[in-house]
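Reader: I am new to reading structures and would like a close look at one part of this one. Please take me through the nonpolar core and the parts around it.

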Amino acid sequence: MHTIIDDVLASLQNLADSKRVEFAKKSYPTKMKVIGVNNPNLKIILKELKTQTKDFTISEKYSLAKLMVDTEIFESQQLAFEYIGMDKANMKTITESVIDNFFKNMDNWVSVDYFGVLFVGVAWRENIISTDKIKTYLKSNNYWERRIAVVATVALNQKARGGTGNSKRTLEICELVVNDHTDMINKALSWALRELAKIDRPSVLDFINKYQKELNKKVLREVTNKLNFGLKNIKNS
């Protein structure tokens with residue numbers, strides 16, 4: 001497996017872009033090393049990795065992905081999350097302990113959102129982990145960990161990710177962060193409600209009306225725009 005890791009890192013290094021590194025520093029700063037590889041090139045490496053490991057057992061895939069996360073390299077972590085999380089066969093057998101093993105370097109919105117949606121959210125949707133487990137993230141003093149719980153709701157409702165809609169679970173989590181006005185939580189809450197609005201517009205409208213005095217103004221504006229115009233931001237004419 002270490003040979004495969006070496007191959008992945010070599011491929012990443014060959015596609016390194018210094019401008020991408022500078023972009024990362026501004027957009028999603030992290031303590032991990034950033035090589036600077038854009039998403040289209042990451043998809044190419046991911047495709048090669050899947051081909052190279054097509055005969056691996058699911059257990060071997062988990063082990064490989066964990067080694068990729070342990071490199072402390074941002075792009076390697078991103079590849080690991082997609083390698084496992086985008087594969088339905090993997091996610092059907094994942095366990096809470098496996099998910100916990102991938103909980104590492106949650107210090108930027110990209111890593112948090114990949115982990116929160118692809119791992120935590122899907123496992124929650126499939127009843128592998130409970131709503132109580134989701135709520136444990138909200139008890140953290142670290143806003144990145146709290147964000148995981150909120151973005152996990154996206155997996156319940158986003159059709160492109162296999163979601164069929166779950167207003168009860170989504171709003172149960174959203175209610176718990178109405179008064180958490182940390183910027184990254186506000187952005188996550190807006191995303192969660194806008195995604196649910198595509199499935200259950202009346203429930204989101206009721207939620208907005210109920211909590212309009214407590215909600216951050218940006219959240220209120222974006223979700224209201226989504227409900228009324230289908231977009232979170234509306235340009236003034």
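Author: What follows starts at the core, moves to the aromatic rings, and then goes on to some helices and loops.

The model is a predicted one. Its largest nonpolar core has 70 residues. The residues with the most contacts inside this core are I84, F102, F115, F119, V120 and L193. Helix α8 supplies the largest share of the core, 9 residues. Apart from this core lies another, of 6 residues, including A24, Y28, V34 and F74. As a general matter, nonpolar side chains in soluble globular proteins tend to be buried together.

V120 is part of helix α8. Its relative accessible area is 0%, so V120 counts as buried, the cut-off being under 20%. Beyond its neighbours within four places in sequence, V120 is in contact with I99, F115, I129, I134, Y137, I148 and A152. K133 is 13 residues from V120 along the chain, and the C-alpha atoms of the two are separated by 9.4 Å.

I84 is another of the residues with the most contacts inside the core. When residues up to four places away in sequence are not counted, I84 touches K61, Y62, A65, N90, M91, I94, F102 and F119. Two of these partners, F102 and F119, come up again among the rings.

Now the aromatic residues. The whole structure holds 11 aromatic pairs. In one of them, F81 and F115 have ring centres 5.9 Å apart and planes at 45°, so the pair is tilted. F81 belongs to helix α5 and F115 to helix α8, and the pair links parts of the chain 34 residues apart. Both F81 and F115 are buried. A tilted pair is also formed by F102 and F119, with 5.1 Å from centre to centre and 50° between the planes. F119 sits in helix α8, while F102 sits in the loop between α7 (96–101) and α8, so this pair ties together parts that are 17 residues apart in sequence. F102 and F119 are buried as well.

Helix α1 (residues 2–14) has 13 residues, which should span 18 Å at 1.5 Å a residue; the end C-alpha atoms are 18 Å apart, so the two values agree. I4, I5, V8 and L12 are the buried residues of α1. Viewed down the axis of α1, these buried residues fall within an arc of 100°, so they line one face of the helix. An α-helix has 3.6 residues a turn, so residues three or four places apart point the same way. On the other side of α1, H2, T3 and N14 are exposed. The cover over the buried residues of α1 includes α3 (39–52), α4 (58–69) and α5 (74–85).

Helix α12 (residues 167–175) has S167, R169, T170, L171, I173 and C174 as buried residues. What covers them includes α8 (109–125), α9 (131–138), α10 (143–151), α11 (154–157), α13 (183–197) and α14 (201–211).

S76 lies in helix α5. The relative accessible area of S76 is 0%, so this residue is buried. Its side chain reaches the backbone oxygen of M68 at 2.8 Å. Leaving out residues up to four places away in sequence, S76 touches L9, L12, M68 and T71. One of these, L12, is among the buried residues of α1.

Finally, two loop residues. E72 is in the loop between α4 and α5. Phi of E72 is near 65°, which is a positive value in a residue other than glycine. With a relative accessible area of 32%, E72 is partly exposed. N127 is found in the loop between α8 and α9. Its phi is likewise near 65°, positive in a residue other than glycine. N127 has 54% relative accessibility, so N127 counts as exposed, the cut-off being over 50%.

How values were computed. Residues numbered from 1 in each chain as written. Predicted model: local features only at pLDDT ≥ 70, side-chain atom pairs only at ≥ 80, totals over all residues. Heavy atoms only, no water. Buried < 20%, exposed > 50% of the residue type's maximum accessible area, 1.4 Å probe, protein only. Helix = DSSP H or I, 4+ residues; strand = E, 2+ residues; numbered from the N terminus. Contact = heavy atoms within 4.5 Å. Core = buried A, V, L, I, M, F, W, Y, C linked by side-chain atoms within 4.5 Å. Expected span 1.5 Å × (residues − 1). Arc of directions from axis to C-beta. Phe/Tyr/Trp six-rings, centres within 6.5 Å; stacked < 30°, edge-to-face > 60°. Polar contact = N/O pair within 3.5 Å; in protein donor to acceptor, adjacent residues only side chain to side chain.
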